[in-house]
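The sequence and the structure are shown below.

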Amino acid sequence: MSDITLLQQVMTFLQRNHGHYINGQLVRGQENQTFSVVNPAIDEVVATVSQGGEAEVNAAMQAAHTAFHGIWAQTSPMERGHCLNRLADLLLAHREELAQLESLCSGKTIQLSRMLEIDSSAQFLRYFAGWSSKISGETLNVSLPSFKGEQYTAFTRREPIGVVVGIIPWNFSIMVAIWKMAAALTCGCTIVLKPSEYTPLTMLRVAELAKEAGIPDGVINVVNGSGSVLGPALIGHPLCAKVTFTGSVPTGIVVGRSAMEQGLTRTTLELGGKNGAAFLADMSVEKIVDGVLEAGYLNQGQICAAAERFYIPASHMDDVLKLLSERLAAMKMGSPLDESTEMGPLANKGHYNKILSLFEQARQEGNEIVYGGHALAGPGFFVAPTVIRANSAEDSLMKEETFGPVGTFLSYNDEEELIGLMNSTPFGLAASLWTNDLSKAMRMIPRIEAGMVWVNMHTFLDPALPFGGMKSSGIGREFGSAFIEHYTELKSVMVRY
Ligand code: TXE
């Protein structure tokens, strides 16, 4: 197979002078400060973008504030939902264009870009659209005594919180932005998005489509540039009512702390971790290997919910590692634009260097690198999918998030020990249990410290299920009905009559 042909629209889009999207307009921004977008498959610049600064942050925040008070909070809930549905239609109509752009900037295989960045984003948009007309308060009975025949009633209102700042990582530049944007907009909030500096292009195009979908100017804004410059400016802005962030734990802590210091600005933090997958002894070696591949290696492991710690019964360990190595060796690595590619490059050079240094660290600690553990030849940021046998739960690779195609394996002997190992981490985003014994699984689920527990599956996110981390993996939940409390304020109203 060979690379698909890039659409003319994609080529034309890449050649634009990129900047920001503010108040319904593409804005070039500071001409003298630009940064490059690099195609990680070939280490070549595909576009340049002007760096946003205080002026762009102010303009975007002001536009979002004006749109919030001027139009969006008053737009009927049903119409807000229609807008999101129309945007879903437009994403699907521009599926190939957006998917190609995404693969060029992030190294995600074209098949995954189509399925997750576009199809799944459209599904999430429709799910959130459905909520617009279902956000409601309660009527409450009050207990105040009546002295002169007066009566009381009370009710609560869910009111949109205002201007939301959404800070987005590079691993799913459209989908994660859509999660935050759709949640904000359905509740009546407006948003300023700050994409990752590695993947700043696709949301500029989505913002244009949002205008075509009838979403008023100023409701969605995109400001591009470095996180360390724009992050503090956005979070510290007096018009920022809420910050929603997805990314690494250290940056999440910085974001959370500055939001708190800013006057208790509301935050949702969806951070990474070191997710565990536990395979019970009743699973066959083949089933375990299928599960490991699903849980750990999709999108080169660059998924916040992916598993990185694998616990295998001691009796199965050698056979699992042997078969897994064979399956990884047969996996087709290559260009993300080749439809037959199963694994592409890492998304950027910094991340590639980090993964290579983790391989080194594993070697220094005496871990056995069963498969992989090295870069692949070529200009892009490719590393071999890697299998590491840990010596103990204390090894660095059993503790530190790699966010790459790196599984670290530890054997266990009994299920009590397994629960202890699964919970032996400060993080708690996601976990999976793999067994045919439903009774065992049901007894283990309450003991697993993770915001999401899958049984016989891993990494599937459904808009109906709340998603977010326990422990150091975050604060708050996205999706389900849980998101509503994070994008609205609860107002109590009491009436005497
Ligand atoms: O992530 P960051 P980076 C992990 C992964 C990767 C490492 C670093 O291991 O190697 O993090 O990647 C913005 N205030 N994950 O540096 O820093 C930044 O511009 C406000 C895991 O890309 O978390 C980007 O838009 N914002 C992860 C976003 O934060 C700031 C997903 C995420 O960047 C900021 C991505 C600041 N001070 C990387 N500094 C996951 N688990 O989902 C940066 N940003």
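Is Cys105 buried or exposed? In this predicted model, Cys105 counts as buried, with a relative accessibility of 2%.

**Cysteines**

A disulfide is a covalent bond between the sulfur atoms of two cysteines. In this model the count of disulfides comes to zero. Cys83 takes part in no disulfide, as the nearest cysteine sulfur belongs to Cys187 and lies 15 Å away. A disulfide would require the two sulfur atoms to be within 2.5 Å. Cys83 is likewise buried, at a relative accessible area of 1%. Cys105 is also in no disulfide; its nearest cysteine sulfur is that of Cys304, 20 Å away.

| Cys83 | 1% | Cys187 | 15 Å |

**Helix packing**

Two packed helices are described by the angle between their axes and the distance between the axes. Helix α4 spans residues 95-106 and helix α7 spans residues 202-212. Their axes come within 10 Å and cross at roughly 160°. Angles over 145 degrees count as roughly antiparallel, and α4 and α7 are therefore roughly antiparallel to each other. The crossing of α4 past α7 is left-handed.

On the α4 side, the contact is made by Glu97, Leu98, Leu101 and Glu102. The α7 side contributes Thr202, Arg205, Val206 and Leu209. Sorted by class, the contact of α4 with α7 comprises four nonpolar, one polar and three charged residues.

How values were computed: Residues are numbered from 1 along each chain as its sequence is written. This is a predicted model: local features need pLDDT of at least 70, side-chain atom pairs count only at pLDDT 80 or more; totals for chains, interfaces and linings use all residues. Side-chain values use heavy atoms; hydrogens and water are left out. Axes are lines fitted to C-alpha atoms, for helices over the stretch in contact, and angles run from 0 to 180 degrees between N-to-C directions. Helices (H or I, at least four residues) and strands (E, at least two) are DSSP runs, numbered from the N terminus. Angles under 35 degrees count as roughly parallel, over 145 as roughly antiparallel, 65 to 115 as roughly perpendicular and the rest as oblique. A crossing is left-handed if the near helix is turned anticlockwise from the far one by less than a right angle, and right-handed if clockwise. Contact means heavy atoms within 4.5 Å. Ala, Val, Leu, Ile, Met, Phe, Trp, Tyr, Cys and Pro count as nonpolar, Asp, Glu, Lys and Arg as charged, and the others, Gly among them, as polar. Buried means under 20% relative accessible area, exposed over 50%, partly exposed in between (1.4 Å probe, protein chains only).
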